[in-house]
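Student: I should like to learn how to read the features of a protein model in order. May we begin with a single residue and its surroundings?

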Amino acid sequence: MTFFIVYVRLLVLFIVFFFFFQAEDGIRDAQESRGLGDVYKRQVLVDCFEAAYIFAHDFNRNPRARTKLWNRDMLESVPDLINQEMVALKGLLATLLRLYSHETAEEHSETAVECYLMRTAKGVLEQYVEKTIKPTLLPEESAEFHAFTPIVVQVLNGIAEFSDAQFKSQVEVLYLLLIDLMLCKHMDVRVALHRVMVRLGTNIFLEASPTDN
């Protein structure tokens, strides 16, 4: 029953997430300014996705609880909430990336959205590098972390879409992790990483080239 309730909650979150952004895309051209109402809605989404992610993440990292709930007559393997964790994390990142994309270059101080987004993105990349590229897990556990490849791709594509000011300030923080990701064998990750590194190289060469007088 507990798993059913959690699944239903996360399914509802996914539906809300999907239709919220579909509706937002449809009205963007008609209404340039959203006001405080939309900020509040996004904050509610962030809180919901965060709660769902933390619940699923903590359960997946608790082998004792998972083993206790394992009924060998009903399930072939130890239960997990990997898919639920991925859906919640994907929704959380998408919401934060959308909020961050609306922030302007005039906001010189680090905002709450920027801090939360980069902390989450860095955590995703660190965990992925540590558990898949520099494996410290048992073989049967490693597959669970490889399942997060689409989330890593989402993070990399989000970074590639940052504004020039955002990209310049954030890529330095993630640089060593990006270098580690070059060892990843997943083609989707390599393609997304290529976008980021091409933009990084372009910025370096542009800054290094002499300006016209």
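Tutor: Leaving aside neighbours within four places in sequence, Val78 is in contact with Arg66, Thr67 and Trp70, where contact means heavy atoms within 4.5 Å. This is a predicted model, in which local features need pLDDT of at least 70 and side-chain atom pairs count only at pLDDT 80 or more, while totals for chains, interfaces and linings use all residues. Residues are numbered from 1 along each chain as its sequence is written, and side-chain values use heavy atoms, with hydrogens and water left out.

Student: Where does Val78 lie, and is Val78 buried, partly exposed or exposed?

Tutor: Buried means under 20% relative accessible area, exposed means over 50%, and partly exposed lies in between, with a 1.4 Å probe and protein chains only. Val78 has a relative accessible area of 26%, so it is partly exposed. Its place is the loop between α3 (63-68) and α4. Val78 and Thr67 are eleven residues apart in sequence, and their C-alpha atoms are 6.0 Å apart in space.

Student: Which elements does the chain have?

Tutor: Helices (H or I, at least four residues) and strands (E, at least two) are DSSP runs, numbered from the N terminus. The chain has nine helices and zero strands. Of its 213 residues, 40% are buried. Among contacts between residues at least 6 apart in sequence, 71% join residues at least 24 apart.

Student: How is the span of helix α4 to be checked?

Tutor: The expected span of a helix is 1.5 Å times one less than its number of residues. Helix α4 (residues 82-101) has 20 residues and should therefore span 28 Å; its end C-alpha atoms are 28 Å apart, which agrees. As for covering, 16 of the 20 residues of α4 are buried.

Student: With which residues is Phe148 in contact, beyond its neighbours within four places in sequence?

Tutor: Those residues are Arg61, Ile82, Glu85, Met86, Leu89 and Tyr128. Phe148 is in the loop between α6 (139-146) and α7, and its relative accessible area of 6% is why it counts as buried. Phe148 and Leu89 are 59 residues apart in sequence, with 9.7 Å between their C-alpha atoms.

Student: How is the packing of α7 and α8 described?

Tutor: Two packed helices are described by the angle between their axes and the distance between the axes. Axes are lines fitted to C-alpha atoms, for helices over the stretch in contact, and angles run from 0 to 180 degrees between N-to-C directions. The axes of α7 (residues 149-160) and α8 (residues 164-181) come within 11 Å and cross at roughly 145 degrees. Val152, Leu156 and Ile159 of α7 make the contact with Phe167, Leu174, Leu178 and Leu181 of α8.

Student: What surrounds Val189?

Tutor: Val189 lies in helix α9 (residues 187-208) and is buried because its relative accessibility is 0%. Apart from neighbours within four places in sequence, its contacts are Tyr128, Thr149, Val152, Val153, Leu156, Leu181 and Cys184. Val189 and Val153 are 36 residues apart in sequence and 5.4 Å apart in space, C-alpha to C-alpha.

Student: How many disulfides are found?

Tutor: A disulfide is a covalent bond between the sulfur atoms of two cysteines; the criterion is a pair of cysteine sulfur atoms within 2.5 Å. A search of the whole structure finds zero disulfides. Cys184 is buried, with a relative accessible area of 3%, whereas Cys115 is partly exposed, at 31%.
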